[in-house]
Amino acid sequence: MTREPILRAPVPTPDDDHDLRPQRMEEMVGQREVYARLKIAIEAALVRREPLGHILFDGPPGLGKTTFAMCIPRHLGVPVQIASGATLKAPKDLIPYLTNAEERSVLFVDEIHRMHKSVEEFLYPAMEDFRIDITLGEGVNARTLNLRLKPFTLIGATTRTGLISAPLRDRFHMREHLEFYSVGELAEIVRRNAVKLQIELTDDAAELIAARSRGTPRIANNRLRWIRDYATAKKAGKVSQQVAEQALTMQKVDHLGLDRQDRRYLETMARIFGGGPVGVEALAHTMNIPADTLVDEVEPFLLRSELIIRTSRGRRLTAKAFEHLGLSPDAFGGKQATLFE
Ligand code: ADP
């Protein structure tokens, strides 16, 4: 018998996907290698009655980092606490989580790269030896108290491994990178979730939604919800490929799955910066969007689709991107990049 985990803190980001989030790793589609490795580590921890080693998940948003992190304590039958890196500004913000952690329980820290440096350093002995040093009082009266913690498992999630310092990274026993999903995997997610949301879909409609979801389950779910609304409002009944296409066209999702923001990024680069190279800060200022949003949410899929490349001098558009926008690179003085320059 496994106990249901106890959620002690509110989920850090609004979980509008609660009804569609897989509850067990077996229900997750794709990421089979990650799943297989986690399964072994979990089983070994259960057999040895030891805490599972610390795990770091990285990859673009919406690929299943939180889903994995929430399934693991369920498999282990242990409680989980949830924290967000952005709210951990000083060691005192982390102390309650550490002292509350029960034996073998899980502490999930989302956006762990946003944790303050002082918190990170405070975490090292907690991760390594399950102890922390707390300073009481100030000045000459200050004393250091060494506190033992119950052995626990830290699960971190980040969209930016590059921002995680080497000492923190090295303290994770497993590091798992989540990749974009194939169209086939997303179609499977769409078909399953259509049943949960009680939408009737033809197979080719599911394939179309999958192909336009930028390799990301969260986006596939959002597209599916929109198509459900569209079909309801239009009294469309069973959703055919044609209806799905109309619904996505109305939302300005193109045949590569890019939305308005993605195309605005590409167009800004083409029209204002002649196809680059341009730094992400300049693009962010011009578009009036935080650079972090571009780096975390927009660029990963454009890079993977070979619409942009990163060079030492900044981002550049590829010939494929100009073609996708229906623009000629020459018209903008563009020096379009090939992937092999
Ligand atoms: P991340 O933490 O990486 O931003 P989440 O774990 O919150 O992403 O995933 C977003 C949503 O996508 C989940 O709520 C779930 O509905 C769906 N999802 C993610 N990964 C999978 C998967 N492997 N199989 C099925 N659905 C998934």
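This is a predicted model: local features need pLDDT of at least 70, side-chain atom pairs count only at pLDDT 80 or more; totals for chains, interfaces and linings use all residues.
Local features require pLDDT of at least 70 and side-chain atom pairs pLDDT 80 or more, whereas totals for chains, interfaces and linings use all residues. Residues are numbered from 1 along each chain as its sequence is written, and side-chain values use heavy atoms, without hydrogens and water.

The secondary structure of the protein comprises 13 helices and 9 strands, these being DSSP runs (helices H or I, at least four residues; strands E, at least two) numbered from the N terminus. Of the 341 residues, 50% are buried, that is, under 20% relative accessible area with a 1.4 Å probe, protein chains only.

Helices α6 (residues 183-196) and α8 (residues 217-233) have axes that come within 10 Å and cross at roughly 45 degrees. Axes are lines fitted to C-alpha atoms, for helices over the stretch in contact, and angles run from 0 to 180 degrees between N-to-C directions. At the contact (heavy atoms within 4.5 Å), Leu 186, Ile 189, Val 190, Asn 193 and Ala 194 of α6 meet Pro 217, Ala 220, Asn 221 and Leu 224 of α8. These residues divide into 7 nonpolar, 2 polar and no charged; Ala, Val, Leu, Ile, Met, Phe, Trp, Tyr, Cys and Pro count as nonpolar, Asp, Glu, Lys and Arg as charged, and the others, Gly among them, as polar.

In helix α10 (residues 260-271), the buried residues are Asp 262, Arg 263, Tyr 265, Leu 266, Thr 268, Met 269 and Ala 270. The buried residues of α10 pack against α11 (280-287), α12 (291-304), β8 (308-311), β9 (314-317) and α13 (319-325).

Terms used:
The expected span of a helix is 1.5 Å times one less than its number of residues.
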